[in-house]
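Please consult the sequence and the structure as you read.

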Amino acid sequence: MANFGITIIVHLFKQLKYICPNCGKSSHIISKGSKSKVLKYSSANIDNMNIKLYRRYFKCLDCNTLFHEECNFLSSPKTMTIQKDMKILEALKDINSTFKSVAARFEVSDTYVQNIFDCKVDISRLKLPKILCVDEVYSKKLSYHKYCFILYAPQLKK
């Protein structure tokens with residue numbers, strides 16, 4: 001699907017009390033303003049969408065730590081959401097898709113798609129038979145590729 005230039009602006013709800021993730025105290029916290037971050041998101045119908053997320057930043061006066069509001073749909077340093085990663089993996093299930101075609105569809109790099117695949121997909125290898133025969137056969141009936149590559153395991157008759 002094409003990118004329609006959709007941008008969603010998100011402001012997180014303000015909580016009554018914030019707790020410092022470093023020291024666990026909540027009474028000595030001051031606000032340091034908010035910052036925006038643009039996230040790449042995919043929904044059920046649209047592959048490429050942007051979310052402009054505004055998060056408040058705070059400073060704990062007890063331990064001098066800076067922290068921000070937590071957001072469930074984002075792993076912190078990334079700009080890609082979990083939903084977009086899941087849609088990329090779903091697109092890779094198609095046997096005709098390649099890393100390059102999926103990357104173009106979701107407007108990310110080929111390397112990003114390969115890294116997601118390597119991190120999230122664990123394909124166990126099948127064991128090879130003790131004897132494996134390999135042959136290359138010429139075929140007049142085939143129009144484009146004239147040679148066929150054949151693997152045969154005689155002990156398994158496969």
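In this predicted model, helix α2 (residues 99-106) packs against helix α3 (residues 110-120) at an angle of about 110 degrees, and their axes lie 8 Å apart. Because angles of 65 to 115 degrees count as roughly perpendicular, α2 is roughly perpendicular to α3. Axes are lines fitted to C-alpha atoms, for helices over the stretch in contact, and angles run from 0 to 180 degrees between N-to-C directions.

**The helix pair**
- The crossing of α2 and α3 is right-handed, meaning that the near helix is turned clockwise from the far one by less than a right angle.
- Phe99, Lys100, Val102 and Ala103 in α2 meet Asp110, Val113, Gln114 and Phe117 in α3, where contact means heavy atoms within 4.5 Å.
- By class, five residues of this contact are nonpolar, one is polar and two are charged; Ala, Val, Leu, Ile, Met, Phe, Trp, Tyr, Cys and Pro count as nonpolar, Asp, Glu, Lys and Arg as charged, and the others, Gly among them, as polar.

**The whole protein**
- Three helices and six strands are present; these are DSSP runs (helices H or I, at least four residues; strands E, at least two), numbered from the N terminus.
- The elements follow the order β-β-β-β-α-α-α-β-β from the N terminus on.
- Of the 158 residues, 27% are buried (under 20% relative accessible area, with a 1.4 Å probe and protein chains only).

**Basis of the values**
- Residues are numbered from 1 along each chain as its sequence is written, and side-chain values use heavy atoms, without hydrogens and water.
- Local features need pLDDT of at least 70, and side-chain atom pairs count only at pLDDT 80 or more, whereas totals for chains, interfaces and linings use all residues.

Notes:
Angles under 35 degrees count as roughly parallel, over 145 as roughly antiparallel, 65 to 115 as roughly perpendicular and the rest as oblique. Buried means under 20% relative accessible area, exposed over 50%, partly exposed in between (1.4 Å probe, protein chains only).
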